[in-house]
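Hello,

Here is the structure I said I would hand over. My notes on what was found in it follow below.

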Amino acid sequence: MREYKIGNATIIINSPLMDLTEEERKEWYRKELEAGNPVVKGIVKAINDCYRKYD
């Protein structure tokens, strides 16, 4: 569990992924994406949508 404080908001992340190093997380996401994990695919789509220009 990790806890971040930003302004008046407290963000708590309860995920075992937070116990991994940055490189271990990258590898985990890469493997899950290759395996076709629909949740990871949704995360990738959401991130890409944030960068897409809307007309």
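**Salt bridges**

Lysine 26 and glutamate 22 lie four residues apart in helix H1, which means that about one helical turn separates them. Please keep in mind that this is a predicted model. The side chains of lysine 26 and glutamate 22 meet in a salt bridge, at 3.7 Å from N to O. Lysine 26 counts as partly exposed because its relative accessibility is 47%, whereas glutamate 22, at 52%, counts as exposed. The cut-off that divides the two classes is 50%, with exposed meaning over that value.

Arginine 30 has 36% relative accessibility and counts as partly exposed. Glutamate 27 counts as partly exposed too, at 32%.

The search of the whole structure gives five salt bridges.

**Aromatic pair**

How many aromatic pairs does a search of the whole structure find? The search finds one. Tryptophan 28 and tyrosine 29 form this pair, and its geometry is edge-to-face, with 5.0 Å centre to centre and 85° between the planes. The angle falls in the edge-to-face class because that class takes planes over 60 degrees apart. Tryptophan 28 is partly exposed, at a relative accessible area of 31%. Tyrosine 29 is also partly exposed, with 33% relative accessibility.

**Nonpolar patch**

Both members of the aromatic pair return in a nonpolar patch on the surface, made of Trp28, Tyr29, Val39, Ile43, Ile47 and Tyr51. Together these residues have about 630 Å² of accessible area. Helix H1 (22-34) and helix H2 (38-51) are the elements that give two or more residues to the patch. Which of them supplies the largest share? That is H2, with four residues.

Tyrosine 51, one of the patch residues, lies in helix H2. Is tyrosine 51 buried or exposed? Tyrosine 51 counts as exposed, because its relative accessibility is 71%.

**Hairpin**

Strand S1 (residues 2-6) has five residues, and the number of them that are buried is zero, so S1 lies largely in the open. Buried would require under 20% relative accessible area. S1 pairs with strand S2 (residues 9-13) in the antiparallel sense, over five bridges. Within this pairing, lysine 5 has threonine 10 in S2 as its bridge partner. The two strands form a hairpin with two residues between them. Glycine 7 sits in the turn and has a positive phi of about 60°. As background, side chains in a regular strand alternate between the two faces of the sheet.

Regards

Conventions. Residues are numbered from 1 along each chain as its sequence is written. This is a predicted model: local features need pLDDT of at least 70, side-chain atom pairs count only at pLDDT 80 or more; totals for chains, interfaces and linings use all residues. Side-chain values use heavy atoms; hydrogens and water are left out. Patches are made of residues with over 30% relative accessible area and no salt bridge: like charges are joined within 9 Å, nonpolar side chains (Val, Leu, Ile, Met, Phe, Trp, Tyr) within 5 Å. Accessible areas come from the Shrake-Rupley method with a 1.4 Å probe; for residues, only the protein chains shown count as cover. A salt bridge is a side-chain nitrogen of Lys or Arg within 4 Å of a carboxyl oxygen of Asp or Glu. Buried means under 20% relative accessible area, exposed over 50%, partly exposed in between (1.4 Å probe, protein chains only). Two strands pair if DSSP finds at least two bridges between them. Rings of Phe, Tyr and Trp (its six-membered ring) pair if their centres lie within 6.5 Å; planes under 30 degrees apart count as stacked, over 60 as edge-to-face and the rest as tilted.
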